[in-house]
Amino acid sequence: MRKYKVFGVGCSILAALTLGACSDWDDHYEAETSLLPSQKMTLWETIKSNGELSQFASLLERVGYDKTLGEAQSYTIWAPKNDAPGFDFTTLSGLNDSVLLNDFVKNHISRSNTPLTGTNTDLRIYMLNKKVMYLNGTGTYQIQNINLSTPNIATSNGTLHVLEDKIPFTPNIYESLDTLNPQIYSIAKYFRNYHKFEIDKNQSTMGPAKNGEITYIDTVFYEGNSLYDLYNAYISSEDSSYTMILPSEKAWEEAKESIKKFYNYIPKFAVLETVQSTEGLKDTTFSVILRDPEQLRDSMATRMLVQDLFYNNNLYDNKKLKKLQTGETMTCDSLISTHKKGSEYDVKIYKEDAQALFNGATRIDKSNGAMWLTDHLAMRPWITWNPEIRIEAEASTALLKTMYCTTETPTIAAGTQNPEVKGHVSNNSYLVANPSYDGAHPDLYFNLPSIRSTEYCIYVVTVPANITRVNADTIRHRLQVDINYANESGSRKNQSLGNAFYNDSRIIDTVYVGNFTFPVAYVGTGYKPFIRIRSRVTSQDPWDDKLRIDCIILRPKALDDYLKAHPDYKYNRGTY
């Protein structure tokens, strides 16, 4: 987010974009008052009087910086000479004022006074357009590898350094998402649709009304993009360092078509809601109506396509991306995308999948990192678009309702697990359903979050009775499992996966209970189908009448098949 402060009635948005006097960089900085006789000229007077800088002076004057550099505010000017090889005056003169101001003029001016001495080495110089330039040298100097031909020309309001060439403008990642570039039009358009530049009325000082419209004496403008927060990727920040996988139009269309099949929405579908009434918990079936299913489908597909394209180069093993070049093999053990599901970075892409993202891609350096342009987005669907869903049974949001039982959620403290029990309880906690009375069959209903329209392989992870109590009886569970869902026409249906599933009571056992294909997607609607797990025990059966459940796993079939063929494959296991 950026804020721009404007002083005076009637200063327009256009002026805020094109004139230095209307930006947040124009807070008052007073220049030094202790001046030598040779420092009586302002920066503007000094530049104007130097024949080598006449073309630079002409461009400054065009955007109003003759006035800005004549005021009692301190600046440092890094001015290219007329004959500098990269200084094409004709091309620069053809730019519109806002581009000329940002990409050239502000790219050669830094705030406050920066004279150079023998101790100036490896300095970071912040230009008015927020770009960070690197200065090095002792005695002779270079900025962005450009020699200073005449440094340290002192003036009454700053210092002038004359350069052998102009400083190239390098856009940041966000600036590079240009809708005029047909190669990346779709992703650029997506980001630009969320760009805002508007008056911050809470921070601005209201003035008199003119022609029935409110004016502002002291105006603050807000500039930002809501997608920065959505993806936790602040790609316009010059102080950050990111890597972005940039899909071309070909890659965008290919990926989006692949994603859409997981997001099949229908206009109306039935769901079960359990509500508290005077008679206790009561089941109610009601209809969910989606105003525009196709728009939701397109929106979700786009969001999923983009959410794991960004990587903070300053975190974890991502740091190796700073040096990775086109054609090289990525050496990171894993990458952590900026996408968060909660307060932590929890989207990890392991080496095999991370390397694939860069295969065939081309690195394009930016002022705050790099983009990798690719014609094929090598993202396996389960990485981000159709992930594994893992429901922790003990989570407060997991249970829709219980019947014929009471529940508890034991925690396994460090060092207390029975060493004879193989496996590990996720999050070191699980759910126990105790029969409410003799002969009762615990009956549990679990919400299924983030369901896509796809086929899942479904597993129930059970916990043995002796997980912490070495001498506890180890008796098997016998389970019945049902799925409640909406079919293609939106009607609520129940599908039994079977009523005789048994666990191995000696281990933390992952019990396969069947495959199921959800015909419609729920993710993004705020509603969920559910899975029902019941204990199927009679007084004659030698089965455990309690249920001990660690978690429920819905694994996309494509991932399940891949794991069977590649048992050592590492992937991000989602938790909901």
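At what angle do α7 and α9 pack, and how far apart are their axes? They pack at an angle of about 75 degrees, with the axes 7 Å apart. That makes α7 roughly perpendicular to α9 (65 to 115 degrees counts as roughly perpendicular, under 35 as roughly parallel, over 145 as roughly antiparallel and the rest as oblique). The axes are lines fitted to C-alpha atoms, for helices over the stretch in contact, and the angles run from 0 to 180 degrees between N-to-C directions. On the α7 side, the contact is made by Y185, S186, I187 and Y190, and on the α9 side by E249, W252 and E253. Contact here means heavy atoms within 4.5 Å.

Before going further, some ground rules. This is a predicted model, where local features need pLDDT of at least 70 and side-chain atom pairs count only at pLDDT 80 or more, while totals for chains, interfaces and linings use all residues. Residues are numbered from 1 along each chain as its sequence is written, and side-chain values use heavy atoms, with hydrogens and water left out.

**The chain as a whole**

The protein chain has 13 helices and 30 strands. Helices (H or I, at least four residues) and strands (E, at least two) are DSSP runs, numbered from the N terminus. Of the 576 residues in the protein chain, 50% are buried. Buried means under 20% relative accessible area, exposed over 50%, and partly exposed in between (1.4 Å probe, protein chains only). Take the contacts in the protein chain between residues at least 6 apart in sequence: 71% of them join residues at least 24 apart.

Searching the whole structure turns up 22 aromatic pairs. Rings of Phe, Tyr and Trp (its six-membered ring) pair if their centres lie within 6.5 Å; planes under 30 degrees apart count as stacked, over 60 as edge-to-face and the rest as tilted. Two of the pairs involve α7. Y190 and W252 have planes at 50 degrees, so the pair is tilted. Y190 sits in α7 (residues 185–192) and W252 in α9 (residues 249–260), so this pair ties together parts 62 residues apart in sequence. The planes of F191 and F310 are at 75 degrees, so that pair is edge-to-face. F191 is in α7 and F310 in strand β15 (residues 310–312), so here the tied parts are 119 residues apart in sequence.

| Pair | Ring centres | Planes | Type |
|---|---|---|---|
| Y190 and W252 | 6.4 Å | 50 degrees | tilted |
| F191 and F310 | 5.9 Å | 75 degrees | edge-to-face |

Y190 and W252 are both buried, and so are F191 and F310.

R192 has its charged end over the ring of Y174, 4.2 Å from the centre, and K401 lies over the face of Y445, 4.6 Å from the ring centre. A charge sits over a ring if NZ of Lys or CZ of Arg is within 6 Å of the ring centre and within 35 degrees of the ring normal.

**The sheet with β15**

F310's strand, β15, is part of an open sheet of four strands, in the order β15-β12-β19-β18, with mixed pairing. Two strands pair if DSSP finds at least two bridges between them. β15 and β18 stand at the edges with a single partner strand each, so one side of each has no neighbour in the sheet. Ignoring direction, neighbouring strands are turned by 20 degrees against each other on average.

β12 and β19 pair in the parallel sense over six bridges, and I245 stands opposite W372 in β19. β18 (residues 362–366) and β19 (residues 369–374) pair in the antiparallel sense over five bridges. I364 has M371 in β19 as its bridge partner. Two residues lie between β18 and β19, and the strands form a hairpin.

**The seven-stranded sheet**

Another open sheet has seven strands in the order β3-β2-β8-β7-β6-β5-β4, again with mixed pairing. Its edge strands are β3 (109–111) and β4 (123–126), each pairing on one side only. The twist averages 30 degrees from one strand to the next. Within this sheet, β6 (residues 140–143) and β7 (residues 146–155) pair in the antiparallel sense over two bridges; Q142 has N147 in β7 as its bridge partner.

N152, in strand β7, has a positive phi of about 60 degrees although it is not a glycine. At 32% relative accessibility, N152 counts as partly exposed. N232 also has a positive phi, about 55 degrees, without being a glycine. N232 lies in the loop between α8 (226–231) and β12 (242–247), and at 16% relative accessibility it counts as buried.
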